[in-house]
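Dear colleague,

My notes on what was found follow after it.

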Amino acid sequence: MLEAAARAVVSDIQDEQLSTTLAIEAIAFQGLPARLMTAEGLGQFLVATLSTTGDRLYLVLAIDDDQANFEHFFESFSLIP
């Protein structure tokens, strides 16, 4: 399910530079199986996590021109199983 969701997100990215620099990595996000997606293009950074718990799929996505903002943004979320 995570792979299919990651492919769907990738296919929805319309920015060619973000699409060509996109990397997908298997990770654990708050202890759950997840995919980390990162890309960079036109001075912007994209960071996203896809994770599942039970029958829920979580997509946390941010696009910003300051990569330092992402750590604070992602730490502000708490997934509820």
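What is the order of the 4 strands in the open sheet, and is their pairing parallel or antiparallel? The order is S1-S2-S3-S4, and the pairing is antiparallel. Strands pair here if DSSP finds at least two bridges between them; helices (H or I, at least four residues) and strands (E, at least two) are DSSP runs, numbered from the N terminus.

Before the rest, two remarks on the basis. This is a predicted model, in which local features need pLDDT of at least 70, side-chain atom pairs count only at pLDDT 80 or more, and totals for chains, interfaces and linings use all residues. Residues are numbered from 1 along each chain as its sequence is written, and side-chain values use heavy atoms, with hydrogens and water left out.

Strand S3 (residues 44–53) is joined to S4 by 9 bridges, and the two run antiparallel. Serine 51 has tyrosine 58 in S4 as its bridge partner.

Surface patch

Leucine 59 also lies in strand S4 and is partly exposed, at 44% relative accessibility. (Buried means under 20% relative accessible area, exposed over 50%, partly exposed in between, with a 1.4 Å probe and protein chains only.) Leu59, Leu61 and Ile63 make up a nonpolar patch on the surface, with about 250 Å² of accessible area together.

Salt bridge

The whole structure has 1 salt bridge, defined as a side-chain nitrogen of Lys or Arg within 4 Å of a carboxyl oxygen of Asp or Glu. Arginine 35 and glutamate 3 form a salt bridge at 2.6 Å, N to O. The pair links distant parts of the chain, 32 residues apart: arginine 35 is in strand S2 (residues 32–41) and glutamate 3 in helix H1 (residues 2–12). Arginine 35 is buried at 16% relative accessible area, whereas glutamate 3 is partly exposed at 39%.

Regards

Terms used. Patches are made of residues with over 30% relative accessible area and no salt bridge: like charges are joined within 9 Å, nonpolar side chains (Val, Leu, Ile, Met, Phe, Trp, Tyr) within 5 Å. Accessible areas come from the Shrake-Rupley method with a 1.4 Å probe; for residues, only the protein chains shown count as cover.
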